[in-house]
Amino acid sequence: MTPPGIRVGASAGNTDDDLDVEEALALVREPRQPREFGEGITGGHGRPPAAQAEQAHGGPPEHQHRATPWPQAREAAARAARSGARRAPVSLALADALGLALAAPLDALTDLPSFDTSAMDGWAVAGPGPWDVREDGVLAGHAQPEPLTDGEAVRIATGARIPADTTAVLRSEHGRTDTQGRLHPIREVVHGQDIRPRGQECRTGDQLLSVGTLVTPAVLGLAAAAGYDTLTVVPRPRAEVLVLGDELLTEGLPSEGRIRDALGPMLAPWLRALGAEVTAVRRLGDDAKALYKAITSSGADLVVTTGGTASGPVDHVHATLERVGAQLLVDGVKVRPGHPMLLARTQQNQHLVGLPGNPLAAVSGLLTLAEPLLRTLAAHPAPEPYTVPLAEAIHGHPYDTRLIPVVLRGDTALPLHYNGPAMLRGIAAADALAVVPPGGAQRGAEAELLDLPWAAAGIEVCFT
């Protein structure tokens, strides 16, 4: 793994368009001949004639033709998740189903409400007033009360059963009693007012929600009201994180050429925020044998590695994928930061996302490849894309998409500094990432935003 933060041919102050060592190595990696490798991989020297012509006329270098454009890389990740066998649904208690997608329709198990109920505190009345008021009232949760006779009223609480032969419910503020204890209306009484009739919301067997509906707190409430104790849902995808790099420290200050591991603490909660169940975070160092064993023994739906995706002397990810017979679906993406990310199918129902070792480049890989794959595995719908005007111009890469941390200020997105591949200072303060097309974007231009999950839903929702 290449130490983060080292750049080639760049001044220390320029964070916009520099290449770190890891990305530079990825650019000069020998072209690989794919072994039934997947979408968008040219491989070898088989560049199309148009690409050769572009190269001859000073166009983008050869790696640009091997790398997958950013939008297509995201589509490839979602498509990869759909290609495996259907994941078996699970039945979970209501409290455990929050955030998952329904794997079976939610059909009403009872009428809602299941009996005529009072919508208000007041009196149940029969016939025209004034009414004689019974001594005992009717409370929610009690047995069926005695029927009313014409000219009779009874105190009733919200949610209580309506006595038979009730004409209407008179709200507490709409009635008064005289000195003889008789009840008089102070406004017109309409037949059936403030009574929730049985089956007003649904009848037994009605479909309340369809397959694929996200289980929100409101869905849990509806399911409980409809008589459910458990829900049949798509299980949470399982993810395992493999942190590579001998230079990483797990505590204390950086020293003697070693640096703190920023990705180990960050990736597990970020993957949980993307809907995954993280089964393990393992630190393997730069050990090819340990990496091979970890990949081949993992039972996770998604294995995420950090670093080792370029061609440095201790970058073992590509060689290990070849050794396990993996199908390489995406080998490099036209995006900055994070170009040397990859996606591979290691088993029929298991994928590996290789993230660059630099922290912001790894975030780019998470949102480019891991997010669409996990979302599809969890049967969640893709978010509707949206754009926001930029408060400032953003310098672009000549050929690649850029992902830039931004904060939302009113109706604009303000780009943040400290957005180099090795930096987390910008993303730590960000609300979203702006998708900047090749060539950049001017002030006021509409930029697509990728929301950070906790910025929209609240940090407690994402991580609990």
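**Exercise 1. A parallel strand pair**

Which residue of β9 does Val133 stand opposite?

Solution. The model is predicted. Start with the pair of strands: β8 covers residues 131-133 and β9 covers residues 152-156. The two run parallel and are joined by two bridges. Within this pairing, Val133 stands opposite Ala153.

**Exercise 2. The sheet around β8 and β9**

State the strand order of the six-stranded open sheet, and find which strands stand at its edges.

Solution. Step one is the order, which reads β10-β7-β9-β8-β12-β11, with mixed pairing.

Asp165 lies in the loop between β9 and β10. Its phi is near 70°, which is positive although the residue is not glycine. Ile186 belongs to the loop between β12 (182-185) and β13 (195-196). Ten residues separate Ile186 from Arg176 in sequence, and their C-alpha atoms are 7.2 Å apart. Leaving out residues up to four places away in sequence, Ile186 touches Glu173, His174, Gly175 and Arg176.

**Exercise 3. The partners of β29**

Solution. One of the residues concerned is Thr387, whose bridge partner in β29 is Glu448. Next take β28 (residues 432-436), which is antiparallel to β29 over four bridges. Here Ala434 is opposite Leu449 of β29.

**Exercise 4. Two helices against α9**

Describe how α6 and α4 pack on α9, giving angle, axis distance, handedness and contact residues.

Solution. Two packed helices are described by the angle between their axes and the distance between the axes.

For α6 (residues 263-273) and α9 (residues 359-377), the angle is about 25° and the axes are 12 Å apart. Angles under 35 degrees count as roughly parallel, so α6 is roughly parallel to α9. Their crossing is right-handed. On the α6 side the contact is made by Leu263, Met266, Leu267, Trp270 and Leu271, and on the α9 side by Pro359, Ala362, Val363, Leu366, Leu367 and Leu374. Sorted by class, this contact holds eleven nonpolar, no polar and no charged residues.

For α4 (residues 70-82) and α9, the angle is about 30° and the axes are 8 Å apart. That makes α4 roughly parallel to α9 as well. The crossing is again right-handed. From α4 the contact takes in Trp70, Ala73, Arg74, Ala77, Ala78, Ala81 and Arg82; from α9, the residues include Leu367, Thr368, Leu369, Glu371 and Pro372. The class count for α4 with α9 is ten nonpolar, two polar and four charged residues.

**Exercise 5. Cis peptide bonds**

Solution. Leu112 and Pro113 are joined by a cis peptide bond with omega about -15°. Pro113 sits in the loop between β5 (106-107) and β6 (117-118). Arg336 and Pro337 are likewise joined by a cis peptide bond, with omega about -5°. Pro337 sits in the loop between β22 (333-336) and β23 (342-347).

**Exercise 6. Confidence**

Over which residues is the pLDDT below 50?

Solution. The protein averages a pLDDT of 84, and 83% of the residues score at least 70. Over residues 1-59 the pLDDT is below 50, and this stretch has 138 contacts in the model beyond near neighbours in sequence. Residues 458-464 are also below 50, with eleven such contacts. Where pLDDT is low, the predicted coordinates should not be read in detail.

Terms used
Residues numbered from 1 in each chain as written. Predicted model: local features only at pLDDT ≥ 70, side-chain atom pairs only at ≥ 80, totals over all residues. Heavy atoms only, no water. Pairing = 2+ DSSP bridges. Axes fitted to C-alpha atoms, helices over the stretch in contact; angles between N-to-C directions. Parallel < 35°, antiparallel > 145°, perpendicular 65-115°, else oblique. Left-handed = near helix turned anticlockwise from the far one by under 90°. Contact = heavy atoms within 4.5 Å. Nonpolar A, V, L, I, M, F, W, Y, C, P; charged D, E, K, R; others polar. pLDDT = per-residue confidence, 0-100.
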